[in-house]
Amino acid sequence: MASMKFAPIAIFLAAFVVILAFNTSEANPQIDLLGGYDLIGVCITNCAQCKKMFGEFFEGHLCAEACIQFKGKMVPDCEDINSIAPFLNKLN
């Protein structure tokens, strides 16, 4: 009789373990195989974010080319005018 009280708990725990075992979450971190972050990928992602924020005032292709040229060492920050100034243009 006592084992009947624990049956629902045991079923719940077994189902929980099965769900955890077969759960395949698809995270997409930009991590380099050598153990560091993929700086070029992070840089280009930031360029795309700035392009979304500033639209035609932001030269996204120039930003991406700079990411490749400097190997991701210069990562643009959309909220830091100094880091994105070379990629802003004036539209008349």
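Guide: What follows covers the disulfides and then the aromatic pairs. Please note that this is a predicted model.

Visitor: How many disulfides are there?

Guide: The count comes to 3 disulfides. With the bonded cysteines of the chain numbered in sequence order, the pairing is 1-5, 2-4, 3-6.

Visitor: Which residue does Cys43 pair with?

Guide: Cys43 is joined to Cys67, with an S to S distance of 1.9 Å. This pair links distant parts of the chain, since Cys43 is in helix H2 and Cys67 in helix H3, 24 residues apart.

Visitor: And what is the handedness of the Cys43 and Cys67 disulfide?

Guide: The torsion about the S-S bond of Cys43 and Cys67 is about -75 degrees, so this disulfide is left-handed.

Visitor: Are Cys43 and Cys67 buried or exposed?

Guide: Both Cys43 and Cys67 are buried.

Visitor: Next, what is the partner of Cys47?

Guide: A disulfide joins Cys47 to Cys63, S to S 1.9 Å. Cys47 belongs to helix H2 and Cys63 to helix H3, so the pair ties together parts that are 16 residues apart in sequence. The S-S torsion of Cys47 and Cys63 is about -70 degrees, so the disulfide is left-handed. Both Cys47 and Cys63 are buried.

Visitor: Where do Cys50 and Cys78 lie?

Guide: Cys50 and Cys78 form a disulfide with their sulfur atoms 2.0 Å apart. Cys50 lies in helix H2 and Cys78 in the loop between H3 and H4, so the pair ties together parts 28 residues apart in sequence.

Visitor: Why is the disulfide of Cys50 and Cys78 given a handedness, and which one?

Guide: The torsion about its S-S bond is about -110 degrees, so the disulfide of Cys50 and Cys78 is left-handed.

Visitor: What are the accessibilities of Cys50 and Cys78?

Guide: Cys50 is buried, with a relative accessible area of 0%. Cys78 also counts as buried, at 11% relative accessibility.

Visitor: Changing topic, how many aromatic pairs are there?

Guide: The count comes to 2 aromatic pairs. In one of them, the rings of Phe58 and Phe87 have centres 6.0 Å apart and planes at 65 degrees, so the pair is edge-to-face.

Visitor: Where do Phe58 and Phe87 lie in the chain?

Guide: Phe58 lies in the loop between helix H2 (39-54) and helix H3 (60-69), and Phe87 in the segment after helix H4 (81-84), so the pair ties together parts that are 29 residues apart in sequence. Both Phe58 and Phe87 are buried.

Visitor: Which residues form the aromatic cluster?

Guide: Phe54, Phe58 and Phe87 form one aromatic cluster.

Key
Residues are numbered from 1 along each chain as its sequence is written. This is a predicted model: local features need pLDDT of at least 70, side-chain atom pairs count only at pLDDT 80 or more; totals for chains, interfaces and linings use all residues. Side-chain values use heavy atoms; hydrogens and water are left out. Rings of Phe, Tyr and Trp (its six-membered ring) pair if their centres lie within 6.5 Å; planes under 30 degrees apart count as stacked, over 60 as edge-to-face and the rest as tilted. Helices (H or I, at least four residues) and strands (E, at least two) are DSSP runs, numbered from the N terminus. Buried means under 20% relative accessible area, exposed over 50%, partly exposed in between (1.4 Å probe, protein chains only). A disulfide is a pair of cysteine sulfur atoms within 2.5 Å.
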